[in-house]
Every structure is written in structure tokens, then in C-alpha cells.
Amino acid sequence: MAVAPKASGAGSATNGGEFLMLALATCYCNDLYREAARLGVALDRVEVWAEAEFEGIGLAARDVRYHARVQSPASPDAIARLLRETDAVAEVHNTLRQGVPVQWIDPPPPST
């Protein structure tokens with residue numbers, strides 16, 4: 001995935017927090033389609049939003065939340081089940097919920 005540079009040329013135009021929210025939204029969106037196929041739920045359209053508060057340099061995100069809108073001919077109960085079950089298996093969400101340690105490695109691995 002190509003990331004545009006900042007207009008100043010120093011760094012990328014998208015910050016890590018924005019990418020983190022994109023990862024949450026993309027994961028849930030993709031997993032909705034996967035789980036819909038498993039449950040036999042037809043999906044016409046899916047929209048997912050994710051947001052969080054970032055209060056300062058070096059501080060972890062807080063109040064991470066997301067919302068999904070699904071258009072489907074399925075019943076409201078089937079859609080609610082799909083949303084719940086997808087939330088339970090979304091890998092990025094579950095990674096954040098576990099609080100997985102992140103380690104800095106010196107020296108970095110060689111580039112390929």
C-alpha cells in the first residue's frame with residue numbers, strides 16, 4: 001500500500017493513529033463478509049467507522065470505538081447475530097483487547 005508523504009516531505013500524510021483506526025475498520029469489514037458467508041447472510045453493503053482519542057505524544061489510544069452499518073435482506077435478528085459474532089472473532093480487535101506487548105528490536109531485521 002502506497003502512503004503519500006506529508007506536503008513538507010518529512011514523514012507520511014497519514015499518522016499511525018489513523019492507520020490503527022483503519023486497521024480496526026478494515027478488519028471488521030472484511031470479517032463481516034467472511035462471517036456472513038459462514039452464517040449464510042447476504043450482504044448488500046457494509047460501512048464501518050472507527051475512532052479513538054489520542055491525548056498526547058507517547059500516550060496510548062483510549063476510548064477506542066467502532067460502528068458498522070449493514071444493508072442486507074436478512075432479518076434484524078440475523079444481522080445482530082452477525083455483528084456480535086464478527087466482533088468476537090475480529091483479529092485486530094482481539095489483539096488490542098489483549099494488550100499484546102510490542103518490542104523494539106536493535107538492530108532491525110535486514111530488509112528484503
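Reader: In which element does Y28 lie, and is its side of the chain buried or exposed?

Author: In this predicted model, Y28 lies in helix α1. The general idea is that a residue with under 20% relative accessible area counts as buried, and Y28, with a relative accessible area of 2%, is therefore buried.

Reader: Which residues does Y28 touch, once those up to four places away in sequence are not counted?

Author: Such a list is read by setting aside the sequence neighbours and asking what remains. For Y28 the residues touched are V48, Y66, A68, L83, T86, D87, A90 and H93.

Reader: Where is G16, and is G16 buried or exposed?

Author: G16 belongs to helix α1, which covers residues 16-39. A residue over 50% relative accessible area counts as exposed, so G16, at 56%, is exposed. The C-alpha atoms of G16 and D77 are separated by 36 Å, and these two residues are 61 residues apart along the chain.

Reader: How many helices and strands does the chain have, and in what order do the elements run?

Author: The chain has three helices and two strands, and, read from the N terminus on, they follow the order α-β-β-α-α. The radius of gyration of this chain is 17 Å, well over the 13 Å that the globule rule gives for 112 residues, so the chain is more spread out than a compact globule. Its C-alpha trace spans about 50 × 35 × 30 Å along the principal axes.

Reader: What share of the residues counts as buried, and what share of the contacts joins residues at least 24 apart?

Author: Of the 112 residues, 21% count as buried. Among contacts between residues at least 6 apart in sequence, 52% join residues at least 24 apart. As for the surface, the chain exposes about 8000 Å², of which carbon and sulfur atoms supply 56%.

Reader: How many positive and negative side chains are there, and how far apart do the centres of the two sets lie?

Author: There are 10 positive and 14 negative side chains, and the centres of these two sets lie 3 Å apart.

Reader: Where does S72 lie, and what does its side chain reach?

Author: S72 lies in the loop between β2 (62-71) and α2 (76-89), and at 18% relative accessibility S72 counts as buried. The side chain of S72 reaches the backbone oxygen of A42 at 2.4 Å and the backbone nitrogen of A74 at 3.0 Å. Leaving aside neighbours within four places in sequence, S72 is in contact with V41, A42, L43, D44 and I79.

Reader: Which form, cis or trans, does the peptide bond from D106 to P107 take?

Author: Omega is the angle to look at here, and for the bond from D106 to P107 omega is near 0°, which is the cis form. P107 lies in the segment after α3 (91-98).

Technical notes:
Residues numbered from 1 in each chain as written. Predicted model: local features only at pLDDT ≥ 70, side-chain atom pairs only at ≥ 80, totals over all residues. Heavy atoms only, no water. Helix = DSSP H or I, 4+ residues; strand = E, 2+ residues; numbered from the N terminus. Rg over C-alpha atoms; globule rule 2.2 N^0.38 Å. Buried < 20%, exposed > 50% of the residue type's maximum accessible area, 1.4 Å probe, protein only. Contact = heavy atoms within 4.5 Å. Areas by Shrake-Rupley, 256 points an atom, 1.4 Å probe, with all protein chains shown as cover. Lys, Arg positive; Asp, Glu negative; His and termini not counted. Charge placed at Lys NZ, Arg CZ, Asp CG, Glu CD. Polar contact = N/O pair within 3.5 Å; in protein donor to acceptor, adjacent residues only side chain to side chain.
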